[in-house]
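User: Could you walk me through this structure, one question at a time?

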Amino acid sequence: MITRTRAERLDEAVDGILSGAAPAVEPELRPLVDTASLLRAALPPLPAGERFEARLASRLLRPGHLVWLAVLLGHAAGRGIGRAMRHPGRSLAAVGGVVTALAALVAVGFTRRAARRG
Amino acid sequence: MSRSLPAPERPTAADPDLDAVLAAQADRAAFAVLYQRYLDRVYGYCFYLLGDHHDAEDATERTFLAALRALPGFRDEGASFRAWLFRIARNTVLNARRGRIRRRTEPLPDSFDRAAPDSDPAGMVAQADELRRALRVVHQLPDDRRQVILLRFVDGLSSREIGLVLDRSEGAVRVLLHRALRDLAARLHP
């Protein structure tokens with residue numbers, strides 16, 4: 001029979017906490033598991049700012065690829081629904097910015113196409 | 001910028017990022033998927049370690065630029081992409097700390113301002129007290145234990161992955177986690 005160490009049992013319990021479970025452990029590990037649960041609640045993932053996200057994406061972006069734009073628009077849409085409900089004015093401004101960016105892209109596309117034909 | 005990038009590794013069969021990594025190696029534009037997947041997690045890791053929004057953004061930016069440059073050399077040596085990425089982030093944070101020591105601008109834990117400027121202020125206020133207290137005690141841990149706590153709880157890495165990030169064995173990481181939680185329990189619930 002394999003005997004697991006206390007550190008291994010605690011590690012498994014933390015796996016359970018991180019997956020949303022309430023692991024059953026021996027009494028001597030209970031204070032540590034309770035602390036792990038507190039940390040799970042008190043150290044949430046921190047979202048990067050949307051302006052920073054867009055700025056860094058533009059630095060990583062290689063011109064000519066629209067995959068980035070599609071991914072970022074999808075990401076922003078997923079994040080933006082909750083914010084739009086709370087800050088409708090700010091959201092309208094953001095939507096205006098996106099529409100402007102899309103219009104610029106379409107204009108660039110037409111210009112390139114016209115240049116190729118011309 | 002980090003000068004000590006981790007040795008190139010190739011994604012393993014168990015790597016959940018395998019498809020995205022291979023796609024990004026073939027076409028740089030596909031890196032967008034990995035960027036979207038890990039931006040917040042890398043930013044959070046950097047922020048919790050540096051305690052400053054602008055330093056965290058700078059470290060995050062350097063991490064992704066370095067990762068994008070090094071990605072074509074990523075080879076299979078048993079590590080996942082995310083362990084590789086967080087090794088780059090760790091090196092970047094270490095370099096940022098060295099620069100900060102030179103500038104003598106190390107922030108105190110109480111100065112933590114967790115959210116980005118355009119985040120929801122209501123959510124910030126609601127969690128601020130609990131977060132400050134937990135951050136304060138996490139910040140008081142020795143660096144290796146603090147790294148284990150953040151990589152495990154904020155970024156969700158396994159002990160094996162954390163070992164790859166910190167150049168420790170999986171067993172050593174488990175022992176560090178046990179000691180860190182024991183310290184934190186004593187400080188949070190004296």
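Predicted model: local features only at pLDDT ≥ 70, side-chain atom pairs only at ≥ 80, totals over all residues.

Analyst: Residues are numbered from 1 along each chain as its sequence is written, while chains are lettered from A and ligands numbered from 1 in the order in which they are written.

User: How many helices and strands are there in chain B?
Analyst: Helices (H or I, at least four residues) and strands (E, at least two) are DSSP runs, numbered from the N terminus. From the N terminus on, the elements of chain B read α-α-α-α-α-α-α-α. That comes to eight helices and zero strands.

User: What percentage of the residues of chain B count as buried?
Analyst: Buried takes 20 or more other C-beta atoms within 10 Å of a residue's own, exposed 12 or fewer, and partly exposed is in between, with C-beta atoms placed from the backbone. Chain B has 190 residues, and the share that counts as buried is 45%.

User: Is B:Gly44 buried or exposed?
Analyst: B:Gly44 sits in helix α2 of chain B. Leaving aside neighbours within four places in sequence, B:Gly44 is in contact (C-beta atoms, placed from the backbone, within 7 Å) with A:Pro45, A:Leu46, B:Val154 and B:Asp155. Because 22 other C-beta atoms lie within 10 Å, B:Gly44 is buried.

User: Are α3(A) and α3(B) roughly parallel or roughly antiparallel?
Analyst: Helix α3 (residues 50-60) of chain A and helix α3 (residues 53-70) of chain B pack at about 30°, with axes 11 Å apart; axes are lines fitted to C-alpha atoms, for helices over the stretch in contact, and angles run from 0 to 180 degrees between N-to-C directions. Angles under 35 degrees count as roughly parallel, over 145 as roughly antiparallel, 65 to 115 as roughly perpendicular and the rest as oblique. So α3(A) and α3(B) are roughly parallel.

User: Which residues in α3(B) does α3(A) meet?
Analyst: On the α3(A) side you've got A:Phe52, A:Leu56 and A:Leu60. Their partners in α3(B) are B:Glu57, B:Glu61, B:Phe64 and B:Leu68.

User: Which residues of chain A is B:Ala185 in contact with?
Analyst: B:Ala185 belongs to helix α8 (residues 170-188) of chain B. B:Ala185 is partly exposed, with 19 other C-beta atoms within 10 Å. Skipping neighbours within four places in sequence, its contacts are A:Pro31, A:Leu32 and A:Thr35.

User: Where does B:Asp167, with its positive phi, lie?
Analyst: B:Asp167 isn't a glycine, yet its phi is about 60°.

Key: Contact = placed C-beta atoms within 7 Å.
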